[in-house]
There are 2 protein chains.
Amino acid sequence: MFDHPNNDPVLKLTEDQSWTLLERTQHGRLVGVVGGRPDIFPVNIAVRDRHVFFRTAPGTKLAEVAINDHVLIEADGILSDQAWSVVVRGSARLLQTSREIAVAETLDLRPWVPGPKEQFVEVTPAEITGRHFQFGPYRDAELGEGSEGG
Amino acid sequence: MFDHPNNDPVLKLTEDQSWTLLERTQHGRLVGVVGGRPDIFPVNIAVRDRHVFFRTAPGTKLAEVAINDHVLIEADGILSDQAWSVVVRGSARLLQTSREIAVAETLDLRPWVPGPKEQFVEVTPAEITGRHFQFGPYRDAELGEGSEGG
């Protein structure tokens with residue numbers, strides 16, 4: 001799946017590759033900005049039809065950050081010799097109708113902090129980006145300047 | 001280390017516990033806001049004297065986000081029955097003097113994307129917070145409203 005041309009240690013993933021990785025991942029992180037301040041929370045995630053879902057409860061700080069027109073969902077996987085990272089940029093909203101909630105309940109999605117009035121949040125993506133990193137003997141090789149990432 | 005009083009599934013960690021977890025962790029995520037837009041990057045991290053260090057290269061998007069008065073460093077660990085998450089909120093700056101760079105070079109810190117002009121970034125913490133989550137049979141139990149997190 002991850003063929004790095006020219007032994008470049010960083011491979012920019014296609015949207016399809018990025019979604020595939022995200023669909024196989026149960027844990028991610030929600031990033032939002034409230035009053036100019038960034039915040040980040042670990043969340044369990046599920047993907048359906050290229051939308052990302054997680055759960056929260058009203059009144060929590062997570063809920064405050066989550067319901068936001070500009071959020072990120074990040075997930076990554078790190079091994080000793082390689083790693084990947086996928087970021088979805090989008091807007092988040094609470095699911096409202098009983099029909100959409102019923103669909104979300106089939107996702108087997110658990111919150112990290114259970115509460116009595118959990119709600120589902122749906123992130124509609126504006127953009128998805130992903131990178132795969134190959135760690136190896138060429139890891140200290142010289143690369144061109146200005147390449148993305150770090 | 002993680003004794004949850006009253007079977008509360010969420011344990012707020014002390015600063016000492018949070019630093020201990022971070023010191024044992026090699027991978028984290030940098031979050032910054034540029035032009036109101038949040039961004040997130042996976043980074044290798046090291047902790048020394050309760051400051052967080054990572055590497056980047058000039059001209060990268062990571063560098064642009066990193067050198068910032070308001071950044072977060074997040075790290076987490078997730079197992080099937082428990083998880084933890086630690087967030088450092090602080091300001092980031094490039095190390096400048098040969099003395100501080102020499103110290104940072106002892107940290108055995110590798111960037112995910114190597115480059116010819118790597119620099120060290122130091123995050124001076126304003127705040128560290130950590131939580132430990134116990135997943136278990138009480139995971140669906142009713143909790144009080146308004147608890148932090150999700």
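Mentor: Let us begin with strands: two strands pair if DSSP finds at least two bridges between them. Helices (H or I, at least four residues) and strands (E, at least two) are themselves DSSP runs, numbered from the N terminus. This is a predicted model, in which local features need pLDDT of at least 70 and side-chain atom pairs count only at pLDDT 80 or more, while totals for chains, interfaces and linings use all residues. Residues are numbered from 1 along each chain as its sequence is written, chains are lettered from A and ligands numbered from 1 in the order in which they are written, and side-chain values use heavy atoms, with hydrogens and water left out.

Trainee: In which sense do β2(A) and strand β3 of chain A pair, and over how many bridges?

Mentor: The pairing of β2(A) with β3(A), residues 37–44, is antiparallel and comprises eight bridges. Within it, A:R29 has A:P42 of β3(A) as its bridge partner. The two strands form a hairpin with two residues between them, and A:G35 in that turn has a positive phi of about 60 degrees.

Trainee: How many bridges join β2(A) to β6(A)?

Mentor: There are four, and β2(A) and β6(A) run antiparallel.

Trainee: Why is strand β2 of chain A described as largely enclosed?

Mentor: The general idea is relative accessible area: buried means under 20%, exposed over 50%, and partly exposed in between (1.4 Å probe, protein chains only). Strand β2 of chain A spans residues 27–34, and six of its eight residues are buried, so the rest of the structure largely encloses it.

Trainee: Which residues of helix α1 of chain A are buried, and what covers them?

Mentor: In this helix, residues 15–23, the buried positions are A:Q17, A:S18, A:W19, A:L21 and A:L22. Contact means heavy atoms within 4.5 Å. The cover over the buried residues of α1(A) includes β4, β5, β6, β7 and β8 of chain A.

Trainee: Is A:P42 buried or exposed, and what does A:P42 touch?

Mentor: A:P42 has a relative accessible area of 2%, and is therefore buried. Leaving aside residues up to four places away in sequence, A:P42 touches A:G28, A:R29, A:W112, B:D76, B:S85, B:R131 and B:F133. A:P42 and A:E74 are 32 residues apart in sequence, with 9.3 Å between their C-alpha atoms.

Trainee: Where is B:S85 placed, and which side chain does B:S85 join through a polar contact?

Mentor: B:S85 belongs to strand β7 of chain B, residues 82–94, and is buried at 5% relative accessibility. A polar contact is a pair of N or O atoms within 3.5 Å; within protein, one must be able to donate a hydrogen and the other to accept it, and residues adjacent in sequence count only if both atoms are side-chain atoms. Here the side chains of B:S85 and B:E74 are joined by such a contact of 3.3 Å.

Trainee: Which residue meets B:R93 in a salt bridge?

Mentor: The partner of B:R93 is B:E122, at 2.8 Å, N to O. Because B:R93 is in strand β7 of chain B and B:E122 in strand β8 of chain B, the pair ties together parts 29 residues apart in sequence. B:R93 is partly exposed at 33% relative accessibility, whereas B:E122 is buried, with a relative accessible area of 11%.

Trainee: Which residues are linked in a network of salt bridges?

Mentor: The network links A:R29, A:E74, A:D76, B:R29, B:E74 and B:D76.

Conventions. A salt bridge is a side-chain nitrogen of Lys or Arg within 4 Å of a carboxyl oxygen of Asp or Glu.
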